[in-house]
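Please find below a colleague's note on this entry, arranged as numbered points. Terms are given their cut-offs where they first come up.

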Amino acid sequence: MSPTQWDLPVELCCRPMAFVTLTGLDVVYNAVHRAVWDAFCANRRADRVPISFKVLPGDHEYPKCRPKRTSYEWYIPKGILKTGWMNKHLNLVPALVVVFYELDWDEPQWKEKQSECATRVEIVRQSLQGRNTKVAVVLIQKKTPLPPGEDVIASERAAALCNACELSGKSLFVLPHTDHLVGYIIRLENAFYEHAQTYYYTEIRRVKSHKEFLNKTTHQLLFVRHQFKIAFFSELKQDTQNALKNYRTAYNLVHELRAHETNILEIKTMAGFINYKICRLCFQHNTPLDAIAQFRKHIDLCKKKIGSAELSFEHAAWMSKQFQAFGDLFDEAIKLGLTAIQTQNPGFYYQQAAYYAQERKQLAKSLCNHEASIMYPNPDPLETQTGVLDFYGQRSWRQGILSFDLSDPEKEKVGVLAIQLKERNVAHSEIIITLLSNAVAQFKKYKCPRMKSHLMVQMGEEYYYAKDYTKALKLLDYVMCDYRSEGWWTLLTSILTTALKCSYLMAQLKDYITYSLELLGRASTLKDDQKSRIEKNLINVLMNESPDPEPDCDIFAVKTAQKLWADRISLAGSNIFTIGVQDFVPFVQCKAKFHAPSFHVDVPVEFDIYLKADCPHPIRFSKLCVSFNNQEYNQFCVIEEASKANEVLENPTQGKMCLVPGKTRKLLFKFVAKTEDVGKKIEITSVDLALGNETGRCVVLNWQGGGGDAASSQEALQAARSFKRRPKLPDNEVHWDSIIIQASTMIISRVPNISVHLRHEPPALTNEMYCLVVTVQSHEKTQIRDVKLTAGLKPGQDANLTQKTHVTLHGTELCDESYPALLTDIPVGDLHPGEQLEKMLYVRCGTVGSRMFLVYVSYLINITAEEKEIVCKCHKDETVTIETVFPFDVAVKFVSTKFEHLERVYADIPFLLMTDLLSASPWALTVVSSELQLAPSMTTVDQLESQVDNVVLQTGESASECFCLRCPSLGNVEGGVATGHYIISWKRTSAMENIPVIRTVITLPHVIVENIPLHVNADLPSFGRVRESLPVKYHLQNKTDFVQDVEISVEPSDAFMFSGLKQIRLRILPGTEQEMLYNFYPLMAGYQQLPFLNINLLRFPDFTNQLLRRFIPTSIFVKPQGRLMDDTSIAAA
Amino acid sequence: MAVCIAVIAKENYPLYIRSTPTENELKFHYMVHTSLDVVDEKISAMGKALVDQRELYLGLLYPTEDYKVYGYVTNSKVKFVMVVDSSNTALRDNEIRSMFRKLHNSYTDVMCNPFYNPGDRIHPGGPYFLCPYPVQVGPTSCVRSSPGGPYSCVRSSPAGPLITW
């Protein structure tokens, strides 16, 4: 954009730097000079002194200095600040003029050269007549100078040259053209900078000196001007603190000026300039709060200084510029490291600038609405002779006139008219949009998403006013969702209304329809009459006609739009628009609800689609279709009405295709699920509702899933929270809020109509073939086919059980490890209605414990559902928990031949093995046979016949057997000697003949075998008789390999007399046997103690009588003395 | 006096919004809406401290050229926003605070109404708007016309505003 009247002048906005001109340099043809110049102007970084250099010819004419005023008495200033002044001191009047001259100290023609140099200096001085500008001479030399003081000629000639040029020694410099050019140049420019500062210092003093001549009445303007000049010179001097101080004074002075309609613009312009300088310096001094405070003060002071009402847009423009300039300053400061915050950032200033720009537009619109016949005045009152104004902020047609009275009202009128006509051509919208987009960029940075959205709305609206509807729509569409998602319906409606206008004016069908749909919806806060109008337009559009124009649209734009709409009608092509509703709030709401969370496959799946329209008039839709995850069902869920386009409005309240506002319409759909979908989820993926007709235009509203749009989740939440009682409605109506979307359902298999019974006799006994009788009876009305049985251990139990459980259908043979735990899909044929079948299963459980058994019966049946034949697979399962127990307990013990319990057995000495079989089964058991399998180390004393063949044991009964065994000496065996196995063959008494016998093998315990040195056994009759001789023979066997010394004595007993050796000591050779014969003579009847045999082995002191007693009887039954006749009777008995 | 008062739900949608110059309602709606940026920022910045200190008043949210926008947030994250005229120098921080407290009390009364469903928009002319007494929200006083009077469920006439200031 080219600079406008309101833009701040460049010379104000730049950073003032000391102005130094360089003369005598031929930068075009002289390489040395070129190098010198480049060193001055290249790489001017921040560390170099702030000087702006310019190369000028030596005879350059500088601006003439006006003669010094000796008195201000009659002087009346014509304005505050001349437009050229700042530029003059920045770029035209130098602080220092440097004369470059090539001259070496040993120059042979020194005299001539010296006078030439002096002439050049003189020429420069001539053109600077009256100014305080300093002059300096730089000698460009080829030779490196000697250190100061050493070169006598040099110092002599230098003094002479200074004299000739009327220069002080400080103003003469030598620039050797050597390798270190840049270093010399930096030293040079530092020296220049000092001279420049002195110059500006004297300038400040000069301006200050005028002050005393001024008086308050006539020279008010000069106070401001001088103060401004002092501040500006201070800035040139780089004395920013003083500059700031002086600007502040100047600012206060500006507001002390007497303001009137004629000079208000000038005052505001100057106030704006000075304010700009102050804020800029404050930011530069890193005191942003001061800057903000100054700006606020400035705005508060100037806000009301509107000036001429006819030109009030100028004030708005000026205000806008103030804010924009401050925003720019702020932004620049941020770029240099200042941190801004959310509530204080440049965005606010740009926003405000935009606001004033909008106001300017409004004012311009109302003030500049001249008729087209009014011509721009000729001659142009805004033209001046020079093309520019003399003073800032003055009117071109009355420059320099200070009087508050308008000397020439006619001229004034023409001038105002010219300004107004010019204002009409300003591209206001462009200005506003630029400012808004600046603000948007800032707010984006400072976490203000809503502010950003708001500004984008304004931008959109501005584009709309600027008739750039495409951009307007783009912006509005972008921010709409923010307002929608936060539920600010008033704001959304306002945005939508503008968007609708844009889409109308561009004849954008899809957008037009979309916005209409939402403006008719429940989120819209439009009044009913507006909604009614929009609905009519929408119906027109759907019937392929043009809609009525939106209100408050530009007339010309409407004309264009009408043409566009007419073109659209004739244009054939795609007239079906699918609009996804999940991102907005359309005027039709939809909810889908399956009647149940699951359906049996033989029952039709039923669901309702609820529709509700929020628009003011009834509306008819043409088609409704529901899509599922399994697309095969889509065909069953379509409602279509073959209505012609023009019927949309006719008979509106009739038929199910018509939606009456506010009433919930329920549409029932039914279909039969496919048998493949048993166990699967059926989901509604989308609902499509078509409005309009395919012959006209058709818009398809597409709900994802079971309905719901951008607002419905919040509404559902509110409805769920609500505890309001809803008024009662007629039976066929429902409250919209009470409908909860259910968009999916499960298909489950048909309920079986058979009975499955299990017959068995629990508990099961370990290892037996346990019989489980399964009875399946059909209660179906028709034949069932393909009945299959799956039975066995229920999966999912302990893995060990699977290994120890085996199932078979055949009970006649024992099953082994190879049989499975679960028999699957055993075909059992078909069943007629009422028929039943029985199947026997045999289960063998290897371990005790409880097990779950599963019996699963599946079958096929033909079913007619909704006049459709389907084959249903049904199944029924039964589970049963069966406990497995041991059938019996076997106890084994070792006893001596005297049936005394033995801890251990003695080698070669016979002992008894007793088995005791205790039935633990609740059912009777038949022991078919038993068998003792001896280990090789054991020998039997007599035959091992089973003593319990075919014994039936009831619960708690036991069967015992006794075997006499002997264990040969084996030496010491760790852990004892294996005895062998006891094998019992058994079955349930109730089991059938063909059921195999179960052999249960019991490992007999190991027994500890001990060797003894001496074995004694006695031969004696089974009973004695009083006073009858009772011969007893003791056999003493030496079991060792040594000769044994044995002491034997018999202890007397009261019940017996005896004969034989009472006490003896004898030796028994290894492996031999000694017999001792006694004749006992019982004296008393009854159970009597025998005289005890004491045996003492000298070699084995451990061998005690205690041990001995195990082998020999200690007592005997003595019968009383009988009579002779009794003898026969006893013998008979 | 405030020129606009708004009650904003936890989810940031407006529950109640009313402005006195009704002709430019939209402007105030936007102003309240944009002020939520600052409210959000302040709430997240305060974080736990807010809960601990029970300081509900958020202070000046942001100044515009013509208005000042103040914020207040309840423990249940319901926000109150008040817009006052910049030129109104009579309203100092303390007055604003007390106005917010009164507004909070009124809001609590609405919440206590068994006919009001929390989260519903509060319609001044709506069927179930609780109005025990007219509330004067102003710098000077908030007067209960019948202190301690029983709450009644009033179907107010659409003409008379229920909250006046």
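1. Which residues of chain A does UniProt list for "domain: Trafficking protein particle complex subunit 11 C-terminal"? The unreviewed entry gives residues 1037-1095 of chain A, with UniProt positions expressed in the numbering used here, feature names shortened, and annotations that may be inferred rather than shown by experiment. In the model, that span is 0% helix and 61% strand, and its end C-alpha atoms lie 12 Å apart. Helices (H or I, at least four residues) and strands (E, at least two) are DSSP runs, numbered from the N terminus.

2. On conventions, this is a predicted model, in which local features need pLDDT of at least 70 and side-chain atom pairs count only at pLDDT 80 or more, while totals for chains, interfaces and linings use all residues. Residues are numbered from 1 along each chain as its sequence is written, chains are lettered from A and ligands numbered from 1 in the order in which they are written, and side-chain values use heavy atoms, with hydrogens and water left out.

3. UniProt also lists, again from an unreviewed entry, residues 263-521 of chain A as "domain: Trafficking protein particle complex subunit". This span is 69% helix and 0% strand, and 56 Å separate its end C-alpha atoms.

4. Between the chains, 29 residues of chain B are in contact with 32 residues of chain A, contact meaning heavy atoms within 4.5 Å. The area buried between chain B and chain A is about 2800 Å², with carbon and sulfur atoms giving 53% of that area; buried area is the accessible area (1.4 Å probe) that two parts lose on being put together, summed over both. On the chain B side, Y30(B), H33(B) and E65(B) lose the most area to chain A, together 28% of what that side buries.

5. R450(A) forms a salt bridge with D40(B), and the closest N and O atoms of the pair are 3.0 Å apart.

6. As to which elements of chain B touch chain A, β2 (14-19), α1 (25-46) and β3 (57-63) each supply at least two residues, and the largest share, eleven residues, comes from α1(B). By class, that side of chain B has 15 nonpolar, six polar and eight charged residues, where Ala, Val, Leu, Ile, Met, Phe, Trp, Tyr, Cys and Pro count as nonpolar, Asp, Glu, Lys and Arg as charged, and the others, Gly among them, as polar.

7. Within chain A, the centres of domain 2 and domain 3, taken over C-alpha atoms, are separated by 44 Å, the domain bounds coming from an automatic or database domain assignment. Seven residues of domain 2 are in contact with seven residues of domain 3, and the two domains bury about 580 Å² between them, 70% of it on carbon and sulfur atoms. D602(A), V672(A) and T675(A) supply 64% of the area that domain 2 buries against domain 3, more than any other three residues. The count between these domains is zero salt bridges.

8. The structure holds 37 salt bridges over all chains, and one of them joins the side chains of R484(A) and E518(A) at 2.7 Å, N to O. Because R484(A) lies in helix α16 (residues 469-486) and E518(A) in helix α18 (residues 509-519) of chain A, the pair ties together parts that are 34 residues apart in sequence.

9. Some backbone points remain. The peptide bond from N378(A) to P379(A) is cis, with omega near 0 degrees, and P379(A) is placed in the loop between α12 (346-367) and α13 (409-424) of chain A. K467(A), a residue other than glycine, has a positive phi near 65 degrees.

Methods
A salt bridge is a side-chain nitrogen of Lys or Arg within 4 Å of a carboxyl oxygen of Asp or Glu.
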